[in-house]
Amino acid sequence: MSFFGFGQSAELELVLSDAESRRRAEHKTEEGKKEKYFLFYDGETVSGRVILTLKHPNKRLEHQGIKVEFIGQIELYYDRGNHHEFVSLVKDLARPGEFTQSQTFDFEFTHVEKPYESYTGQNVKLRYFLRATISRRLNDVVKEMDIVVHTLSTYPELNSSIKMEVGIEDCLHIEFEYNKSKYHLKDVIVGKIYFLLVRIKIKHMEIDIIKRETTGTGPNVYHENDTIAKYEIMDGAPVRGESIPIRLFLAGYELTPTMRDINKKFSVRYYLNLVLIDEEERRYFKQQEVVLWRKGDIVRKSMSHQAAIASQRFEGTSSQTESRTLSQASENNGRQ
């Protein structure tokens, strides 16, 4: 191949400027393996250098230009040919010409917008990567380097508890309560289940964490349910008036933040599924959606500043509504 001039006569390498100090994060590949990648957040600068090494130092390398790109794209597995790019930045490093020796080019993409979290699912992949290209007449020389992006959130202002009553008429009546509706990825789900009426013989009860991945739009919508965790609450028959506590630690499971309508291509939602099984192996269940979010180790100044501005706006516009709601609530309490 190289005799006829078709082989690659140069190699490219991408090196980040802060590679030694930058944190790495584990991320699942398409094959299900876990690998470590450099970790970035929204708004951070991505900089480094492209190293071009000639395989044959005595030969000239003709080219039509060298460039480096920062790309964020979504790939749907059922539509492999189409890559949906939501971030695409380009830096030209060299004009068309020729090289007679190896070279190094510096690049910098400042304050890059990275709106979504990196994600590898059953039917979809959202990835960010750097790509360096030497454009040539017959075959380009290309080198890619993947990075991982995490989206950080602040504590939600409203985080009400979940309280529901479920049952089968004259057979079973239970009340369950979870302390919050929004949990960070290292949080603990605390709750309780209270049996008001038990006339069927229940032998087992558990809570499942279910991840539901939805891809596509219109007629081409695909749903994939994956049971992330099964947590046994009770083994044996409950009695009326019994209260069973729940304490489920999320840190031990592979979870991502809740993703809703990402670039109008896919969603990832999480549900708590309460399952009761009776002695005749009949299953009774009740699903409740919960929102998961990623808590940052260090809340960046810009984020906290934006949150403060947002809360000031909210307080300014809703102070009248709040006072009305509070007065209505006190009236209702008085009636009760």
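User: How many of the 14 residues of strand β17 are buried?

Analyst: Strand β17 covers residues 202–215, where strands (E, at least two residues) and helices (H or I, at least four) are DSSP runs numbered from the N terminus. Buried means under 20% relative accessible area, exposed over 50% and partly exposed in between, with a 1.4 Å probe and protein chains only. The strand is largely enclosed by the rest of the structure, because the number of its 14 residues that are buried is 12.

User: What kind of model is this, and which conventions apply?

Analyst: Residues are numbered from 1 along each chain as its sequence is written, and side-chain values use heavy atoms, with hydrogens and water left out. Local features need pLDDT of at least 70, side-chain atom pairs count only at pLDDT 80 or more, and totals for chains, interfaces and linings use all residues, since the model is predicted.

User: Which residue in β21 is the bridge partner of Lys211?

Analyst: Two strands pair if DSSP finds at least two bridges between them, and β17 pairs with β21 (residues 266–278) in the antiparallel sense over 13 bridges. Within β21, the bridge partner of Lys211 is Tyr270.

User: Which residue in the turn between β17 and β18 has a positive phi?

Analyst: β17 is also joined to β18 (residues 222–235) by 12 bridges, and these two strands run antiparallel; Asp208, for example, has Lys230 in β18 as its bridge partner. The two strands form a hairpin with 6 residues between them, and the turn residue with a positive phi, of about 85°, is Gly216.

User: Is Lys264 buried or exposed?

Analyst: Most residues other than glycine have a negative phi. Lys264, in the loop between β20 and β21, has a positive phi of about 60° although it is not a glycine, and Asp261, in strand β20 (residues 259–262), likewise has a positive phi, near 50°. With a relative accessible area of 62%, Lys264 is exposed.

User: What relative accessibility does Glu75 have?

Analyst: Glu75 lies in strand β6 (residues 66–76). Leaving aside neighbours within four places in sequence, Glu75 is in contact (heavy atoms within 4.5 Å) with Arg80, His83, Asn123, Val124 and Lys125. Glu75 counts as buried, because its relative accessibility is 8%.

User: Which strand gives the most to the lining of the largest pocket?

Analyst: A pocket is an open set of points on a 1 Å grid over the protein atoms alone, where a 1.4 Å probe fits, with protein on both sides within 12 Å along at least five of seven lines, and lining residues have an atom within 4 Å of a point. The largest pocket is lined by 33 residues, of which Glu26, His150, Leu185, Leu255 and Arg294 lie nearest its centre. At least two lining residues each come from β2 (24–28), β3 (34–40), β10 (119–120) and β18, and the strand that gives the most, with 5 residues, is β2.
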